[in-house]
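Subject: A structure for you to explore

Hi there,

Here is the structure I promised to pass on to you. Have a look around first, and then read on for what turned up.

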Amino acid sequence: MPLPGALFPRITSSTLARSRALAAVVPSHARRYATTSASQTTSRRRWITGGRVISLLLAGAAGFVFYDIWEQRNPPKQFEWDPKKKTLAILGSGWAAASMLQEIDTENFNVVVVSPRNYFLFTPLLPSTTVGTVELRSVMMPLRYLTRHKKREVLFVEADCNSIDPVNKTITIEDNSEIKGTVSTQTLKFDFLVVAVGAQNATFGIKGVTDHACFLKEVWDARKIRTKLMDCLETACFPGQSEEEVKRILNMIVVGGGPTGVEYAAELHDFLNEDLTVWYPEIAGKINITLVEALPHVLPSFSKELIAYTEDRFAKEKINIMSNTMVKEVKEKEIVVQLPDKSIKSIPYGLLVWATGNTARPVVQKLIQQLPIEIQNQRRGLVVDEFLGAKGTSGIYALGDATATKYPPTAQVATRQGYWMAKYFNAVGTLSEADQTALSEGKIPTRFVEDYPPFAHKNIGSLAYIGSDRAIADFPGGFRLGGLLTYYVWRSVYLSNLFSLRNRTLVVADWIKMKTFGRDIARE
């Protein structure tokens, strides 16, 4: 048997010291490894948790989108008409009418909507449709997408309203489609009537405007402008055309320095710079854009700083602004204007877009003529009280551009009036039948007046696109923006104001398509 000393060597002091040092070192490395491993595990868990949260949010957003799509395509069953309920007639399909229709509770009324078009048109993007930045269908929403989702059936009639009888409370309507049935005119009775037909372009009695100018208010106006624009381009390319004639054809004139006129000039400039220089290089440099404004500056409703910024941008982009210039006559190939020094000048043009002034539509003009002149004394629309009731009538209300109020004729005002009127009639629906009858006869119940405040508008700001991916924004409190960042604000606000997910999707798709492939230059 070996000796114990052979099995266990003698432990010296130096050996013991080395053992202690090793024992002290090894646990330190182990601790560091364990700490690093735990930190990595915690970080990995956080990433996994974050990924799960993001996945859940994306799944929830996708679920919301698909549910919204399903809900839009599957309207619920509606209550039938109730002869015991009051009849509420709405004339129009613009901002005021669509906003009111969106919010009103039809359970308490039999609602009739009459409009010459069966869709709502998002007019702020209408200038974009004239050059192909956005397609027309993308900014049109069929009204039945609203009416079929109301609690009670809504009778929609695509027709012109020719007259309103404020005494007998009837409206006379006429089918405006090309295909006529055996019945094309009808008289409908109402208890309450909301006139939200908007306005039509004012020509100010200037000779030739209606015959030769293009307006920019409706779908057919945008189509006409696009067709004439492409005609100008192709005609200018026709062999043998004289330089003088090419110069005339390629002079595009916009009359009106408000938001519509400015935005159309901006869209036309973008079309020229981004597309026509590629596909029409032989004439692109010859195209001229002129903006004619009777006032000293464009965009008079905006701040001085933003006006100066816009005019400076237009000068850099070679968009000619003729301010303090009044149109005297419009001829087939030229307009006659009065310059600031009172001299008269003729300006040849190929395309003329008239984007200035509003006046009452014929049905509103006829109604005004039936009412006392000392009360209804405004040519541009109906005079209304604080509850938007047409003065001199009972049970008749007016909204938006169909009225003559202290508020500007903008989509913002019309939208807020529409929402307010919907809430007003939702409150009316809670009244007793006797009180509703009294209200339709012009006798407002005292309790109702005390409980429901009159309409008041608070401006939340104005936006305008000025070309080259630049926009301006004028908000209350002196908060003003201009430039590239504002352009994205402009797009975001317009996108959020579209009525449906369908329209938002289509507009975004159009913007992506335009940036990817350019604008379509085909002539329809």
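This is a predicted model: local features need pLDDT of at least 70, side-chain atom pairs count only at pLDDT 80 or more; totals for chains, interfaces and linings use all residues.

The strands

The partner of Glu329 is Val336, which lies in S15. The two strands involved are S14, covering residues 326–330, and S15, covering residues 334–338; they run antiparallel and are joined by four bridges. Between S14 and S15 there are three residues, and the two strands form a hairpin.

Helices H7 and H9

Next, please turn to H7 (residues 219–236) and H9 (residues 259–279). Their axes are 14 Å apart, and the helices pack at an angle of about 40 degrees. H7 and H9 are therefore oblique to each other. Their crossing is right-handed. Which residues of H7 meet H9? They are Ile225, Leu229, Met230 and Leu233, and on the H9 side you will find Tyr264, Leu268, Phe271 and Leu276. Sorted by class, the contact of H7 with H9 has eight nonpolar residues, with no polar and no charged ones.

Helices H3 and H13

Now look for H3 (residues 95–103) and H13 (residues 411–428). The axes of H3 and H13 come within 7 Å and cross at roughly 35 degrees. This crossing, too, is described by its hand: H3 passes H13 in a right-handed way. From H3, the residues in contact are Trp95, Ala96, Ser99, Met100, Gln102 and Glu103. The residues they meet in H13 include Ala411, Gly418, Tyr419, Phe425 and Asn426. How many residues of each class does this contact hold? The contact of H3 with H13 has nine nonpolar, five polar and one charged.

Helices H16 and H17

The last pair is H16 (residues 484–497) with H17 (residues 501–517). H16 and H17 pack at an angle of about 145 degrees, and their axes are 9 Å apart. The crossing of H16 with H17 is right-handed. On the H16 side, Arg491, Leu495 and Ser496 take part; they meet Arg504, Val507, Val508, Trp511 and Met514 in H17. The classes here are five nonpolar residues, one polar and two charged.

Enjoy exploring, and write back with any questions!

Best wishes

How values were computed: Residues are numbered from 1 along each chain as its sequence is written. Side-chain values use heavy atoms; hydrogens and water are left out. Axes are lines fitted to C-alpha atoms, for helices over the stretch in contact, and angles run from 0 to 180 degrees between N-to-C directions. Angles under 35 degrees count as roughly parallel, over 145 as roughly antiparallel, 65 to 115 as roughly perpendicular and the rest as oblique. A crossing is left-handed if the near helix is turned anticlockwise from the far one by less than a right angle, and right-handed if clockwise. Contact means heavy atoms within 4.5 Å. Ala, Val, Leu, Ile, Met, Phe, Trp, Tyr, Cys and Pro count as nonpolar, Asp, Glu, Lys and Arg as charged, and the others, Gly among them, as polar. Two strands pair if DSSP finds at least two bridges between them.
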